[in-house]
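I opened the model today and kept short notes. Here is the structure I worked from.

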Amino acid sequence: TTNKGLALVDLDEDGVDRAFRADVLEGLAQAQKAVPARWLYDDAGSQLFEDITQLKEYYPTRAETEILTDRGSEFADAIGPGRAVVEFGSGSSVKTPLLLRCIEPAAYVPLDIAGDFLRAAAADLSAKFPGLPVHPVEADFVRRVELPGEVADMPKLGFFPGSTIGNMVPRTAVDLLRTMRETLGEGSKLLIGMDLIKSRKVLKAAYDDAKGVTAEFNRNLARRINRELGGTIPVDALRHEARWSDDLARIEMHLVADDDMEFEVAGRRFALASGESIHTENSHKFSRRSGNTLLLAGGWTPVRRWLDRKERFSLILAEA
Ligand code: AVJ
């Protein structure tokens with residue numbers, strides 16, 4: 001197997017990511033076409049998401065950062081010192097220092113599938129917290145992760161910010177929460193971000209901004225399919241749509257065809273009739289109760305909850 005330095009990517013003889021091709025071909029063959037949201041985050045997609053976090057309509061990042069900035073002493077009291085902080089999908093998080101500076105951690109363990117990102121983030125963190133042991137682990141945290149021996153005897157705090165849990169449908173979210181519990185072990189705690197249900201208007205604007213950055217983020221997935229899987233999707237004929245499903249309490253991103261179209265991906269033909277779409281992402285929103293129920297189903301007991309001043313976003317502390 002060829003390998004771009006990313007140990008967790010399996011490429012075929014033509015350099016095509018096998019998992020990407022399998023997910024796309026399977027998803028495009030469904031009645032409601034769908035591609036798993038994780039494929040939105042190639043280099044261009046990750047950069048576009050960074051741009052999204054700066055938009056005035058996109059409140060989650062600012063709201064969560066506000067909580068982490070303002071409630072430091074309450075986190076310190078509720079979490080206590082001496083824990084190994086295990087961050088799930090650390091990426092290039094700017095939120096981590098806000099947490100670490102207030103709770104006196106014993107170690108920091110960032111977990112990420114993107115090794116390059118991971119090592120850069122770890123180096124950055126080490127520079128900011130000179131005395132803190134940092135042990136990056138390149139791993140896909142949807143499976144149980146073996147933590148480094150150095151932190152084996154320390155109590156753990158899992159950190160999963162950004163409401164990333166909201167990208168998963170409930171049964172997948174519950175599986176992930178249970179796996180996190182296995183990774184962290186008995187006596188551990190979890191600090192998890194969950195975005196809250198609010199008016200349709202505010203939610204739709206957050207996922208369909210005036211500058212069209214989110215539309216570009218969504219269309220980038222079709223561009224990526226064309227580039228990496230030899231696709232002929234007419235990207236500019238696909239319209240970005242953010243739909244609020246009140247039944248499922250989630251924003252759905254779709255790429256909608258306003259005319260009939262046919263295209264090819266990896267040598268197979270597909271068609272979209274006018275009005276049909278490719279479903280590209282879910283972003284579930286939570287109430288106090290639905291968030292607590294999800295955590296309990298995943299084996300975690302919620303013990304504290306913090307909101308930003310405008311009550312748009314929550315950070316929940318739970319115990320294993
Ligand atoms: C990175 C998954 C938290 O669901 O709000 C932002 C992704 N998609 N705008 C979210 C996203 C469109 C974001 N998460």
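**Notebook: helices, ligand shell, overall size**

I started with what covers the buried residues of α3: the cover includes α2, α5 (96-103), β6 (189-195), β12 (301-307) and β13 (313-319). I took cover as contact, meaning C-beta atoms, placed from the backbone, within 7 Å. Helices (H or I, at least four residues) and strands (E, at least two) are DSSP runs, numbered from the N terminus.

I noted the sources next. This is a predicted model, where local features need pLDDT of at least 70, side-chain atom pairs count only at pLDDT 80 or more, and totals for chains, interfaces and linings use all residues. Residues are numbered from 1 along each chain as its sequence is written.

Which residues of α3 (60-70) are buried? I found Pro60, Thr61, Ala63, Glu64, Ile67 and Leu68. Buried means 20 or more other C-beta atoms within 10 Å of the residue's own, with C-beta atoms placed from the backbone. Residues three or four places apart point the same way, because an α-helix has 3.6 residues a turn.

I looked at the ligand. The residues around the ligand include Phe49, Ile52, Pro60, Tyr207 and Glu281. Near means a C-beta atom, placed from the backbone, within 6 Å. I saw that α2 (43-53) and β11 (277-284) each supply at least two residues of this shell.

Last, I checked the whole protein. I counted ten helices and 13 strands. I found 38% of the 320 residues buried. The C-alpha atoms fill a box of roughly 60 × 50 × 35 Å, taken along the principal axes.

Note on methods
Buried ≥ 20, exposed ≤ 12 C-beta atoms within 10 Å, placed from the backbone. Contact = placed C-beta atoms within 7 Å.
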